[in-house]
Amino acid sequence: MAETVKDPPATASSSTGLRGVVVGASTVSDVVGDKGQLIYQGYDIHDLAKHSNFEEVAFLLWNKRLPKQSELDELRREIGASYRVPNEVIEVLRHTPTDADPTDVLRTAVSTLEFYDPKARDISLEASRRTAIKLTAQFPTLVAAADRLRRGLEPVEPLSDENIATNFLYMLKGERPSAEDAKLFDVCLILHADHELNASTFTARVVAGTLATVYASVVAAIGALSGPLHGGANTNVMRTLLEIGELDHVESFLKSALASKRKIMGFGHAVYKTEDPRATHLRQFSKETGERAGDTKWYEMSRKLEELMMREKGLYPNVDFYSASTYYMMGIPLELYTPIFAVSRITGWTAHILEQYADNKLIRPRADYVGPRDVQYLPIEQR
């Protein structure tokens, strides 16, 4: 494989928000912005989306290689045995306000999980790997249980012999999903599994760098994900589509929005200079889910908006844009789009945490101080 030549890293003093500053080395994933590539441990995302499954990708991220069949079977058994969460944690969910943000509920639930893991403070490689498996299994259970309780329904017991994608949709709706929806959702989880040092992943590594627990590192990552500049963009994309309402209204809406300098969510990316490779698959998924439901309206509106944004602003859609209508046509509530992101990204977060533990250096950057100096202290009565 030819080596990709990247732009020289920026210096801290010349960068705002660490944009372009290289802060460490990683094998977990790479984003090649000028080529529109996303790579997990050397494998192109298109190959993984076409041929792999989410559990296999989780093994890849954690172990830097694809599993043998026996290893994949064992991982699936471990995940299946870990789906259930302690009853005490379900009780915490039961007493959560129904209007609480689901991402905040997930963050609190994950923090609570640590209380019921007697080995939580063991951050040896093997123990941390077991915690990564447990959290990957329990995230979908937490998200589905919290949503059902919020809607006045009882949680659905997980199916220990099903994969994560099928199990999540089953626990959410109380009925087995179609094979098509289960497969499509499995690929969606692959596409969202990791994305180099985004804000939540960097947060996880900073916390892990203090040798805090896996749980603490993941809770911090969820906190970063909850911000509107990171998670939640696909929810806002769908809200925009619902606001537009009809295909015939797309162009007039966009003209008005651009004239008022309104940000159109789901377009542009901090790294990609071409199409986000994940959007390539999600565009097709939006079309397929619409066709299966006999309603391609949201896909057609999205396509129209994409064409107009390229014409007016030269911006490509990112991963959030088509995931919005895809999830909507699968009957997934808008409030769950960001927690579902976490259901996938827990694999990437924990892969980075394992990597941080393996060769740890405390992450302690400096700030370029621009404040005053030599200010003389005055007693309070003289101020």
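A residue is termed buried when its relative accessible area is under 20%, exposed when over 50%, and partly exposed in between (1.4 Å probe, protein chains only). The model described here is predicted, so that local features need pLDDT of at least 70 and side-chain atom pairs count only at pLDDT 80 or more, while totals for chains, interfaces and linings use all residues. Residues are numbered from 1 along each chain as its sequence is written, and side-chain values use heavy atoms, with hydrogens and water left out.

Helices are DSSP runs (H or I, at least four residues) numbered from the N terminus. Helix α7 (residues 164-173) is mostly covered, nine of its 10 residues being buried. The buried residues are Ile-164, Ala-165, Thr-166, Asn-167, Phe-168, Leu-169, Tyr-170, Met-171 and Leu-172. With contact taken as heavy atoms within 4.5 Å, these buried residues of α7 pack against α2 (54-63), α3 (69-82), α6 (125-150), α8 and α16. Gly-174, which follows α7, has a positive phi, near 80 degrees.

Two packed helices are described by the angle between their axes and the distance between the axes. Axes are lines fitted to C-alpha atoms, for helices over the stretch in contact, and angles run from 0 to 180 degrees between N-to-C directions. The axes of α9 and helix α10 (residues 214-225) come within 8 Å and cross at roughly 150 degrees. Helices α9 and α10 are therefore roughly antiparallel to each other (angles over 145 degrees; under 35 counts as roughly parallel, 65 to 115 as roughly perpendicular and the rest as oblique). The crossing of α9 with α10 is right-handed, the term for a near helix turned clockwise from the far one by less than a right angle, anticlockwise being left-handed. On α9 the contact is made by Ala-199, Ser-200, Thr-203, Ala-204, Val-207 and Ala-208, and on α10 by Ala-216, Ser-217, Ala-220, Ala-221, Ala-224 and Leu-225. Nine of these residues are nonpolar, three are polar and none is charged; here Ala, Val, Leu, Ile, Met, Phe, Trp, Tyr, Cys and Pro count as nonpolar, Asp, Glu, Lys and Arg as charged, and the others, Gly among them, as polar.

Helix α9 also packs with α16, at an angle of about 35 degrees and with the axes 9 Å apart. This crossing of α9 with α16 is right-handed. Its contact residues include Arg-205 of α9 and Glu-355 of α16, and the contact divides into five nonpolar, four polar and three charged residues.

A salt bridge is a side-chain nitrogen of Lys or Arg within 4 Å of a carboxyl oxygen of Asp or Glu. By this rule the count comes to 23 salt bridges. Arg-205 forms one with Glu-355, the closest N and O atoms being 2.6 Å apart. This pair links distant parts of the chain, 150 residues apart, with Arg-205 in helix α9 (residues 199-208) and Glu-355 in helix α16 (residues 337-358). Arg-205 is buried at 9% relative accessible area, and Glu-355 is buried at 15%.

The side chains of Arg-292 and Asp-181 likewise meet in a salt bridge (2.7 Å, N to O). Arg-292 lies in helix α13 (residues 277-293) and Asp-181 in helix α8 (residues 179-191), 111 residues apart. Arg-292 is partly exposed at 39% relative accessibility, whereas Asp-181 is buried at 17%.

Notes. Helices (H or I, at least four residues) and strands (E, at least two) are DSSP runs, numbered from the N terminus.
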